[in-house]
Amino acid sequence: MQALSSSPMFRFDGLRSGIIEEVTERIVDAHARAERTVEPLDRLLNELVIHEQKRLRHVHPPDTIEDKRRVDDIARALQRRATEGELLELLRRQARAYAQDIAGSFSNPTYKVATSVLPSLLSLLLTPQHLRSGEFGLGALDARVRIDGDIEQLRRLSATGVLVVVPTHLSNLDSPLVGYALMRAGLPPMAYGAGKNLFSSPLTSFFMARLGAYKVDRRLGFPLYKEILKTFSQVILEEGLHSIFFPGGTRSRSGAVESKLKLGLAGTALSAYVEQLRTLGPGARRFYFVPMTLNTPLVLEAETLIEDYLKEIGKNRYIIEDDEFSRMGRVATYARKVMTMDQGLELRFCAPRDPFGNHVDADGRSLDSHGREIDPARYVMRDGVVTHHAGRDAEYTRELGRHIVDDFREGTSYFSTHIVSAALFAYLEAEIPGSDLYQRLRHPRRLVVDAAALARRVDAIKAAIIGAPALGRLAQRVADMDGQEIVDDALSAFSGYHTHPAAQRSGSVIELVDRELILYYRNRLAHHGPALEAARPVGGGT
Amino acid sequence: MSVLGIVNGTPVGEALVARLGTDGRKVVSGVDAPSLKRMCAEARLILVDAHRAELLPLLRRLGEYLEPNHLVAHTVHGLGQEGRVSLLIETESACRRVGVLAGPLLVSALRAGTPTAAVIASHHPEVTEEFASALSTKHLRVYRSRDAAGVELCASLTELAVVACAMVDALALGAPARALVITRAVRELGRLVALLGGDPLTANGLAGLGDLLVRSVDPTTPSYQVGVALAKGGDIDPSTLDSMKRTAARLDQLNPGKKVSAHVFHGVAAALTDGVEPATLIEKLMSIRVLDE
């Protein structure tokens with residue numbers, strides 16, 4: 001099997017300039033062809049100018065005066081009706097600049113530090129009691145994090161094919177968590193797109209810029225930038241770089257498991273596969289999508305995210321810069337809280353699929369539901385010839401997305417916080433009937449639930465989860481707990497991190513304190529009909 | 001023009017084979033294993049025409065020979081517990097490019113060569129483009145749709161509306177009553193399509209209104225015969241009744257608690273499954289509060 005160290009990512013810095021040039025030339029070529037089906041070049045550049053001149057009216061870092069000059073040159077060229085040749089050259093210059101900004105880097109020394117020294121330091125920092133007992137190294141961290149999935153299969157597939165890992169997304173801590181999971185699983189490092197705003201923090205920026213992250217500037221919403229980004233993604237995949245895409249597009253604001261995916265960038269894996277087949281024929285590498293669920297009892301940014309969800313500020317506030325992730329104190333408190341919980345994190349690699357949704361065997365062969373081998377190349381052939389077909393491939397990717405949603409649900413682990421929140425929220429709905437969500441959340445009445453009744457309801461939810469494995473499973477941490485223990489576990493988790501606990505005990509009753517947080521954690525079960533049905537209080541009480 | 005494979009499991013499939021052959025298309029047909037094997041070897045487009053009750057074993061045979069490069073469409077009516085037929089084809093084979101062909105495909109019209117039409121629906125553009133091109137002749141016009149779920153639902157539920165029209169005819173209630181049933185059924189069908197995420201306008205097309213207009217005046221249509229038998233008393237073909245009862249049960253699951261108003265459809269379902277008398281059904285329908293059209 002190919003050694004981990006021969007993974008293409010370790011050669012990225014040597015490939016970088018070639019990748020940038022390839023991306024640039026593909027963009028220019030796409031717009032230079034006489035039979036092009038994309039937008040006319042002058043209209044494309046005009047849209048760029050309108051957007052960028054507005055954005056660069058006042059130049060602030062990380063933007064530069066040079067960025068502004070390049071855009072102004074395009075504007076002047078358009079005004080004087082420059083020739084197509086001149087416009088293509090300006091396009092080349094601009095595309096190269098964007099590609100250079102997007103392309104990250106990979107430093108082998110930084111990777112060594114990140115994978116060897118840092119987890120030990122992190123573990124030490126977060127669990128100082130282990131310093132006293134003499135435990136050093138990854139052991140303390142490893143005990144807190146459960147990694148599931150057929151790791152051996154993924155290692156084999158990573159040696160011969162290209163992995164496209166698609167995780168659920170709740171927190172800005174997900175990227176390092178995924179990185180940690182890959183490292184623990186003995187899987188190679190991967191490229192991934194990260195919002196440019198995440199590079200503003202010096203500490204995270206240092207590591208992200210050197211560990212395979214490429215920058216996605218969400219301020220640049222015009223078609224040319226998106227085209228360059230997709231082309232970059234496709235080119236690095238063709239080079240064999242394993243990649244990570246968060247198909248939810250952004251962190252789940254509501255706390256629910258993603259059900260509507262944005263697969264534009266992930267879809268470049270299919271384009272890369274088709275292009276490989278066209279150029280390499282049967283020698284083309286195969287591509288494998290690996291859905292991954294990240295399951296935690298608490299989410300660092302829960303309060304900000306649910307508030308944003310509820311406010312519904314137009315579109316999502318993609319660039320939330322002032323949430324808990326930007327406050328190191330909150331990050332440390334959160335990490336300490338989660339790390340004191342045995343098996344407090346479950347990271348699950350689901351069964352891999354080919355770009356057409358078929359499962360694959362241990363050697364990467366695609367299989368239909370009856371176990372018959374399929375040649376995936378035939379999905380993109382016509383009369384024996386491999387062809388690109390945008391409409392066809394977009395539909396394949398959409399269908400793959402439906403399978404990924406099913407995999408996310410099946411791969412979700414429910415902790416005590418989710419289960420107890422589901423019971424509490426159902427109680428809230430029953431106690432304040434006939435009102436909309438906002439009225440329920442803001443109602444001034446103090447709401448309490450009898451603790452024993454709550455425990456019984458939690459037992460019912462637990463049974464419903466066990467009875468519907470396709471919709472998720474109990475976290476290992478709570479699998480052997482009874483209802484009362486689950487309630488206690490949840491209340492313990494709720495205290496000591498969030499500004500206010502979601503719920504707290506008051507004698508023999510449980511008081512609903514922060515209803516928005518209850519809604520957030522309950523939403524992890526939003527797709528689980530049987531569990532929500534079981535959560536409903538019976539006959540007026542719980 | 002490339003070869004077209006047709007699994008001719010019902011008289012409609014046989015009539016299509018005859019019509020297309022007469023109109024100069026090269027067709028490979030059959031239902032047995034050797035025919036299916038040959039069909040899949042020679043044709044890129046495969047049309048599956050079968051009774052719902054025989055579908056699963058047929059798909060399992062066909063699945064042995066279907067390859068990822070095949071484009072598959074079906075004409076199967078009726079709702080079953082296994083779910084949508086398109087998804088069933090994907091489960092039982094390696095195919096991903098699947099569609100549905102529906103509309104007023106009457107055996108008599110196909111054989112006579114009188115003008116007729118159908119709609120081919122799929123999310124995959126190649127399926128709609130290639131099937132529409134392969135099936136369209138001087139006598140048969142095949143339109144395209146991206147609303148596969150809507151067309152499948154219309155094709156399956158229209159038979160319940162046909163039962164209602166047949167009851168109206170059998171009870172001699174007259175043309176206005178028939179018009180009422182047809183217009184309200186189409187409106188309700190649109191709501192049910194929207195409930196499943198489809199385009200409500202699909203109900204006004206060939207798979208909904210088009211099919212209803214034709215089958216509701218064709219006394220040889222099984223669902224029409226069921227309607228007459230329910231109204232006048234009489235024998236009902238057990239397999240047809242069984243199939244329609246499954247559709248009725250599935251309707252209750254698709255529209256739990258009657259989330260959208262579909263009085264005609266649920267009314268006919270009640271007549272089929274609970275034995276509600278047609279006169280009672282009509283009285284009930286005529287007593288519903290009148291709202292906006």
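Predicted model: local features only at pLDDT ≥ 70, side-chain atom pairs only at ≥ 80, totals over all residues.
The C-alpha atoms of A179(B) and G21(B) are separated by 37 Å, the two residues being 158 positions apart along the chain. After α8(B) comes G197(B), whose phi is positive, near 95 degrees.

Helix α1 of chain B, formed by residues 11-22, can be described in the same terms. This helix has twelve residues and reaches 16 Å between its first and last C-alpha atoms, close to the 16 Å expected at 1.5 Å a residue. Within α1(B), the residues V12(B), G13(B), A15(B), L16(B), V17(B), R19(B) and L20(B) are buried. A glycine with a positive phi follows here as well, namely G24(B), with a value near 90 degrees.

In chain B, A172(B) has a positive phi of about 50 degrees although it is not a glycine; its place is in the loop between α7 (148-170) and α8 (175-195), where, at 65% relative accessibility, A172(B) counts as exposed. In chain A, the phi of D383(A) is near 55 degrees, again a positive value in a residue other than glycine. D383(A) is found in the loop between β11 (381-382) and β12 (385-386) of chain A, and with a relative accessibility of 71% this residue, too, counts as exposed.

A further loop residue of chain B, A50(B), lies between β3 (45-49) and α3 (52-63). A50(B) is buried, its relative accessible area being 7%. Although A50(B) and V7(B) are 43 residues apart along the chain, their C-alpha atoms are separated by 7.5 Å. When neighbours within four places in sequence are left aside, A50(B) is in contact with G9(B), T10(B), L55(B), L58(B), T75(B) and V76(B).

In chain A, the packing of two helices was examined. Two packed helices are described by the angle between their axes and the distance between the axes. The axes of α1 (residues 12-32) and α4 (residues 84-102) of chain A come within 9 Å and cross at roughly 145 degrees, and the crossing of α1(A) and α4(A) is right-handed. On the side of α1(A), the contact is made by R16(A), I20(A), E21(A), V23(A), T24(A), E25(A), I27(A), V28(A), H31(A) and A32(A), while α4(A) contributes E84(A), L88(A), L91(A), R92(A), A95(A), R96(A), A99(A) and Q100(A). By residue class, the contact of α1(A) with α4(A) divides into nine nonpolar, three polar and six charged residues.

Elsewhere in chain A, L437(A) lies in helix α17 (residues 437-442) and counts as partly exposed, at 25% relative accessibility. L437(A) and F207(A) are 230 residues apart in sequence and 41 Å apart in space, C-alpha to C-alpha. Apart from its neighbours within four places in sequence, L437(A) is in contact with L310(A), F425(A) and L519(A).

With regard to the cysteines, a search of the whole structure finds zero disulfides over all chains. C95(B) is accordingly in no disulfide, and the nearest cysteine sulfur, that of C40(B), is 7.7 Å away, whereas a disulfide would require the two sulfur atoms to be within 2.5 Å. C95(B) is buried, with a relative accessible area of 0%. C350(A) in the other chain is also buried, its relative accessible area being 10%.

Notes: Residues numbered from 1 in each chain as written. Chains lettered and ligands numbered in written order. Heavy atoms only, no water. Buried < 20%, exposed > 50% of the residue type's maximum accessible area, 1.4 Å probe, protein only. Helix = DSSP H or I, 4+ residues; strand = E, 2+ residues; numbered from the N terminus. Expected span 1.5 Å × (residues − 1). Axes fitted to C-alpha atoms, helices over the stretch in contact; angles between N-to-C directions. Left-handed = near helix turned anticlockwise from the far one by under 90°. Contact = heavy atoms within 4.5 Å. Nonpolar A, V, L, I, M, F, W, Y, C, P; charged D, E, K, R; others polar.
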